[in-house]
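Keep the picture open while you read.

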Amino acid sequence: MKTLKTEIQTIQESFKKALESVYSLDELESIRVTYLGRKGTIANLMPHLAQLSLEDKRELGPLINELKMVTEKLFNEKKEDLFDKSLEEQEASFKDFDVTAYKPNQPEGSLHLYTQATQDIISIFSSMGYSVEDGPEVETEFYNFEALNIPGDHPARDMQDTFWTTLPNTLLRTHTSPVQIRTMQQQTPPLKVIVPGRVYRHEATDASHDFQFHQFEGMVIDKDISLSHMIATMKHFLETFFKKELKVRARPGYFPFVEPGIEIDMSCPFCKDGCSTCKKTKWIEMVGAGLIHPHVLTSGGIDTKIYTGFAFGFGLTRLIMIKYGISDIRLLHTAHVEFLKQF
Ligand code: PHE
């Protein structure tokens, strides 16, 4: 019994010593197995205890329990200690990593012309108080045609060759104008919105046509809106976008969703006497526009006794091609890195 008592003390001391020379969680684990494991030093005391008299058991049993508790406590403290240290070490090594460090010869990307131009346009129109709206590219016949005053038998449907889907009355939108109706239905006037977006037409592809291109629509609805508000807005936009003083002129144009309808030309920003961009005419056709037809306002739930509005639709693709002198639309629509790198 004396020997078991000293044994308990010896184990306690040697455990403490062993812990002092432990520097990693792995080492700590092997010490745990040696002392506290199922077949470890402390567990091995049990058979000895069994051989003792009842009286000795009463004295030594609690001593062994205490030994177990003390070693476990020391073990857990050490474990936490080592864990904190290893976190500190990791943190210290992270601090050496400088994400802003300069790395030579890294290839640099740039924004696609569509993104650049869309950002420019949004910034110009938001400075005039417009907000940006979006709508689905897979549209219904109602929003793309009917609500825009183009019924099924209307010849204007032939102006925009359409990709119909296999679902009934569903198509790929041929213009951004359906978002006019969606906006009128969701918001109340005064409204000032632009809608940049992708549109689709069932057309053969050549240097100036693609079956998919981008437009941006504009719409203002308020009291007493007139064509002169729109013409001034177009002049301001074009001058800011082309960074040049320009003249604009309006000609009559036909779109079923506006009345009167006009087309607006701008003076050629690139020449004085005629060049290839303006086809020697000194004018460039820019945008279809007009005062919103009362049928269209009514489709959108707007009270035509109180409100009038104007709308315009730009070919964003065309605008970009003119501004950056791009002669083939296909260059703009392919991931041709050598071409795109120039902008
Ligand atoms: N949606 C017409 C088109 O795609 C353009 C347009 C929009 C004309 C708004 C007038 C008013 O051709």
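Start with β5 (212-222), β8 (283-292) and β9 (308-315): each supplies at least two residues of the shell around the ligand. β9 gives the most, with three residues. Strands here are DSSP runs (E, at least two residues), and helices are too (H or I, at least four), numbered from the N terminus. The protein comes to 12 helices and nine strands.

A quick word on ground rules: this is a predicted model, where local features need pLDDT of at least 70, side-chain atom pairs count only at pLDDT 80 or more, and totals for chains, interfaces and linings use all residues. Residues are numbered from 1 along each chain as its sequence is written, and side-chain values use heavy atoms, with hydrogens and water left out.

Now, who sits around the ligand? There are 15 residues, and His175, Ser177, Arg201, Gln215 and Gly313 come nearest (a residue is near if one of its heavy atoms lies within 4 Å). The shell divides into six nonpolar, seven polar and two charged residues; Ala, Val, Leu, Ile, Met, Phe, Trp, Tyr, Cys and Pro count as nonpolar, Asp, Glu, Lys and Arg as charged, and the others, Gly among them, as polar.

Look at the side chains next. A ligand nitrogen is 3.0 Å from an N or O atom of His175's side chain, and a ligand nitrogen is 2.9 Å from one in the side chain of Ser177. Taken alone, the ligand exposes 330 Å², and the protein buries 92% of that (areas by the Shrake-Rupley method with a 1.4 Å probe).

Definitions and conventions
A polar contact is a pair of N or O atoms within 3.5 Å; within protein, one must be able to donate a hydrogen and the other to accept it, and residues adjacent in sequence count only if both atoms are side-chain atoms.
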